[in-house]
Amino acid sequence: MRIISFSADGIKNAAKNGFYDWLSQQDADFVCVQDLRCSEYDLQEDTFLPNEYNAYFLDDVNGKDNGVALYCRKMPKAIITGLGFVDFDMEGRYIQADYEHLSVGCLLAPSAEQGNAEQQSRKAEFYGMLQGHLKKIQNKRRDFIFCGNWHLAHTPADVQDTERNSNSSGFLPEERQWMNEIIDAGYVDAFREINSDIDEFSWWPEGERGTNGWRTDFQIVSQALKYAVEYGAIVNAKEFSSHAPVIM
């Protein structure tokens with residue numbers, strides 16, 4: 001099974017930059033796309049509806065911000081939209097495909113501008129609710145794969161300039177602890193199961209690759225899938241947005 005996760009900075013711009021041309025050559029079973037910045041209604045062109053996939057979208061309430069998409073080669077038994085977090089679900093942050101014993105989710109976590117206490121508090125609220133949700137679903141007889149832009153980096157190996165970013169939103173101690181608690185609850189960072197390099201980044205907030213890189217795009221999987229992880233790569237050779245696609 002091959003899964004691609006990609007944060008688009010606007011899916012129409014990513015398409016212009018060649019994302020769907022590249023995708024057509026990847027033979028992926030699932031493609032999780034975050035940060036569409038448009039509504040499903042705006043995506044009626046064939047480019048956004050590849051024939052080999054069943055395509056599902058969840059919009060932000062205003063159809064201009066956030067938004068997630070899930071492309072599934074095999075038709076799922078059910079599509080779940082939202083996490084049950086009323087305020088956040090209105091923002092188009094999560095969509096999930098359910099199969100017999102597996103669920104694949106596409107997640108766009110909230111971000112916070114540097115120094116914006118209100119946004120940072122709301123981000124903390126989201127992660128508190130997410131941790132509770134992830135613990136609850138462990139009682140289900142199925143495995144989970146959560147692909148997304150988590151808007152945080154977990155360890156010093158995931159940030160190119162740790163000293164510069166030690167007080168930056170996305171790398172604050174409490175944010176790193178959120179991910180610690182998710183891992184401690186029985187989930188696995190799939191990429192880190194097969195790659196421990198300290199120069200693997202998926203996001204460049206300043207746009208220029210090679211400087212101030214972060215790894216904020218994770219595929220977090222159930223513990224039972226730990227030994228099923230065989231391969232992982234961050235695709236830096238192509239630039240479709242400020243984020244690079246992650247293939248697992």
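Two strands count as paired if DSSP finds at least two bridges between them. Strands are DSSP runs of E, at least two residues; helices are runs of H or I, at least four; both are numbered from the N terminus. F57 has A69 in β4 as its bridge partner.

A word on the source. This is a predicted model, where local features need pLDDT of at least 70 and side-chain atom pairs pLDDT 80 or more, while totals for chains, interfaces and linings use all residues. Residues are numbered from 1 along each chain as its sequence is written, and side-chain values use heavy atoms, without hydrogens and water.

Back to the sheet. Six strands run in the order β3-β4-β2-β1-β12-β11, open, with mixed pairing. β3 (54–58) and β11 (233–234) are the edges; each has a single partner strand, so one side of each has no neighbour in the sheet.

Now another open sheet, also mixed. Its six strands are ordered β5-β6-β7-β8-β10-β9. Here β5 (78–81) and β9 (187–189) stand at the edges, each with a single partner strand. Neighbouring strands are turned by 20° on average, direction ignored. Inside it, β8 (residues 143–149) pairs antiparallel with β10 (residues 217–222) over five bridges. G148 sits opposite F218 in β10. Helix α6 packs on this sheet, touching β9 and β10, and its direction makes about 125° with that of β9.

What does α6 meet in α4? The axes of α4 and α6 (residues 173–184) come within 10 Å and cross at roughly 5°. Axes are lines fitted to C-alpha atoms, for helices over the stretch in contact; angles run from 0 to 180 degrees between N-to-C directions. The two helices are therefore roughly parallel, a label for angles under 35 degrees. E175, W178, E181 and I182 in α6 meet α4 residues including Y127 and L134; contact means heavy atoms within 4.5 Å.

Technical notes. Angles under 35 degrees count as roughly parallel, over 145 as roughly antiparallel, 65 to 115 as roughly perpendicular and the rest as oblique.
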